[in-house]
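Visitor: I have a model open on my screen and would like to talk through a few parts of it. Could you walk me through them?

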Amino acid sequence: MDVYPTPRNIALIDVYHLGRPHVIGTFLLLGDEPALVDPGPASTLPALKAGLDAQGLTVADLRAVVLSHIHLDHAGATGLLAAENPHLVVHVHERGAPHLIDPSRLLTSAGQLYGDRMEELWGDVRPVAPERIRVYTGGETLRLNGHTLRAFDAPGHAKHHLVWFDESNGAAFVGDNTGVRLPGVRMTRPATPPPDVDLEAWGRTHDLIERLHPQWLCLTHFGAYDDVAFHLADARLRLRQWAEIVRQSLLAGQDEATGVAALEAALASEAATLSPAEQLAIVQQTGPLNLSWRGLARYWQKLGGLGAG
C-alpha cells in the first residue's frame, strides 16, 4: 500500500474508487480516539477497511467520522460505518445533518445526475440515527485525543461545507473548497457540480483558509499538500477561469453541449503538459465535466444578468 506525505499523526487511505488510484482518499486521524475525515462512498468500504487494517485498526476501533460535507463521494459510507460501530459519533454541518438522517432527497438529487450508475458509483447509502450526530455551524471545537479540530463554516462548493483545522499539526481539511489535485502535479482543478456553487461565498472561504495560515491542505481528491501558498493561488485562478468560460458560453447563447465542449477545449490546453494517464485521472477526480459546467451555469443563471463583464 502506498504511503503519502501527510501531516503529523495523520494517515491517508486511498479507497480506489472504481478501482482507480488517487481519486478519493480518506484521512485517518491517529491516536487514542481514531477518526476518519470524509470516509468516502459506501461502494469503497472494502478498500477503506483494508487501509484501516494496514494501520492495525478496524471499524470497531474508530470513535468519530468528521465530514467536510455530505456529498456521496465524501460521506456515503457514514451510515454503514455507524451501523457497524455503535460507538461511532458523526460530526457534520447543521445543514447536512438532515440528509444523513434521511438520505432520500440526497439520493434522488444524485440520481438525476448519475442515473443507473448510482449503485456502481456510490453503493448502499444508509441513514444515520439522529442521536449519533453532532452538528456544527462554525466556531466550535472538536477535541479528540491528539487532535483539536476547529470547525469553520465554508460555503462555495456546497452550502453545508465545513473546513476543519487541526491545531495540533496545522492541517486544514478543506474537502472540495480548494479544488482537486494529483500527487506530484502542481496544478489544481475546481469541483463545481450543482446545485450549490456560489462564487462569492467561495472567495470568502478561500480568504478564511488563507487567514488560518495552515501548514497543510488536505484534499479528499487527492492528498495532503504543504505548498499552501501556491495551491491556494492556483485554486483561486482556476476557479475564476472556469467560471468565466461558462459565463461567456452563456452570454453567447450556447447550449450545454457546445458550452461543455468549450470548457473541455480549454482544459485540454491547460493540462497539455500532463501525461495521458494524469490527464485522465484529474478528469476522474472532478467528475464528468458536464456537471462542472452545470454547476457554474446554475450560479450565473441565478444572477440573472450573468455577472459583470
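Visitor: Which residues line the second largest cavity?
Guide: In this predicted model, the second largest cavity is lined by D176, N177, T178, G179, T188, R189, P190, W202, H206, A235, R238 and L239.

Visitor: And what volume does the second largest cavity have?
Guide: The computed volume of the second largest cavity is about 50 Å³.

Visitor: Which helices supply at least two residues each to that lining?
Guide: Helices α7 and α8 (228-251) each give at least two residues to the lining of the second largest cavity, and the largest share, 3 residues, comes from α8.

Visitor: How does that lining split by class?
Guide: The lining of the second largest cavity has 4 nonpolar, 5 polar and 3 charged residues.

Visitor: OK, how many cavities of 30 Å³ or more are there in the structure?
Guide: The structure holds 3 cavities of 30 Å³ or more, and the largest cavity has a volume of about 70 Å³.

Visitor: What lies nearest the centre of the largest cavity?
Guide: Of the 13 residues that line the largest cavity, A75, G76, H99, L100 and V125 lie nearest its centre. The elements that contribute two or more residues to this lining are α2 (72-75), α3 (78-84) and α4 (97-101), and by class the lining has 8 nonpolar, 4 polar and 1 charged residues.

Visitor: Changing topic to the strands: is β10 mostly covered or mostly open?
Guide: Strand β10, residues 171-175, is mostly covered, with 5 of its 5 residues buried. A171, F173 and G175 point one way from the strand, while A172 and V174 point the other way, and all are buried.

Visitor: Which sense does β10 take in its pairing with β9, parallel or antiparallel?
Guide: Strand β9, residues 162-166, pairs with β10 in the antiparallel sense over 3 bridges, and D166 stands opposite A171 in β10.

Visitor: What about the turn in that hairpin?
Guide: The hairpin of β9 and β10 has 4 residues between the strands, and G170 takes a positive phi near 75 degrees there.

Visitor: And how many bridges join β10 to β11?
Guide: Strands β10 and β11 (residues 216-219) run parallel and are joined by 4 bridges, with A171 standing opposite W216 in β11.

Visitor: Which helix makes a unit with those two strands, and what is its handedness?
Guide: Helix α7, residues 199-212, makes a right-handed β-α-β unit together with β10 and β11, and α7 also supplies at least two residues of the lining of the second largest cavity.

Key. Residues numbered from 1 in each chain as written. Predicted model: local features only at pLDDT ≥ 70, side-chain atom pairs only at ≥ 80, totals over all residues. Heavy atoms only, no water. Buried < 20%, exposed > 50% of the residue type's maximum accessible area, 1.4 Å probe, protein only. Pairing = 2+ DSSP bridges. Right-handed = clockwise from strand over helix to strand, strands pointing away. 1 Å grid on protein atoms, 1.4 Å probe; cavity = no way out; pocket = protein on both sides within 12 Å on 5 of 7 lines; lining within 4 Å. Points joined across faces, edges and corners; volume = space filled by probe spheres on them. Nonpolar A, V, L, I, M, F, W, Y, C, P; charged D, E, K, R; others polar.
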